[in-house]
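Visitor: I am new to reading structures. Could you take me through one, feature by feature?

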Amino acid sequence: MLTPFGKYLRKLRIDHGKLLKSMADSLKVTSSYLSAVEMGKKAVPDSWIGEIAAEYQLDDSEQKKLKNLAEMSKPEFKVQVPKEASDIARETVAVFARKAASLDDEAFRKLLELLKKGE
């Protein structure tokens, strides 16, 4: 199944009349590697955001979206809790890590809404 990043790349290619091979060549990778990234079998290389943005002349908002989609498409996340974090902060992160796989979309929506309030 395509990742959010993979869906965006596929649409970008189609909108620009490019084939998978053409995009892979511009990124200096094989078509199979690009496909694996799109499918979430390989991580999105950090350098790709800038390379894709330059190749397809993405504006700042599109680059930000591309970077966000790459983050969303990661198979794993590493959360660093500062050394000075309180016990409640550490416990919250630990419980989330244990429970994340069992939460439904509604629980994630509520959590996301709560976390975005501070932005």
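Visitor: Let me start with one residue. Is Ser73 buried or exposed?

Guide: Keep in mind that this is a predicted model. Ser73 has a relative accessible area of 11%. That is under 20%, so Ser73 counts as buried. Ser73 sits in the loop between helix H5 (60-72) and helix H6 (87-99).

Visitor: Which residues does Ser73 touch, leaving out those up to four places away in sequence?

Guide: They are Thr3, Pro4 and Phe5. With Thr3 there is also a polar contact, side chain to side chain, at 3.4 Å.

Visitor: How many aromatic pairs does the structure hold?

Guide: A pair of aromatic rings is described by the distance of the centres and the angle of the planes. This structure holds two such pairs. In one, the rings of Tyr33 and Trp48 have centres 6.0 Å apart and planes at 75°, so the pair is edge-to-face. Tyr33 is partly exposed at 30% relative accessibility, whereas Trp48 is buried at 2%. Phe96 and Phe108 also form an edge-to-face pair, with 6.3 Å between centres and 90° between planes. Phe96 lies in helix H6 and Phe108 in helix H7, so this pair ties together parts 12 residues apart in sequence.

Conventions. Residues are numbered from 1 along each chain as its sequence is written. This is a predicted model: local features need pLDDT of at least 70, side-chain atom pairs count only at pLDDT 80 or more; totals for chains, interfaces and linings use all residues. Side-chain values use heavy atoms; hydrogens and water are left out. Helices (H or I, at least four residues) and strands (E, at least two) are DSSP runs, numbered from the N terminus. Buried means under 20% relative accessible area, exposed over 50%, partly exposed in between (1.4 Å probe, protein chains only). A polar contact is a pair of N or O atoms within 3.5 Å; within protein, one must be able to donate a hydrogen and the other to accept it, and residues adjacent in sequence count only if both atoms are side-chain atoms. Contact means heavy atoms within 4.5 Å. Rings of Phe, Tyr and Trp (its six-membered ring) pair if their centres lie within 6.5 Å; planes under 30 degrees apart count as stacked, over 60 as edge-to-face and the rest as tilted.
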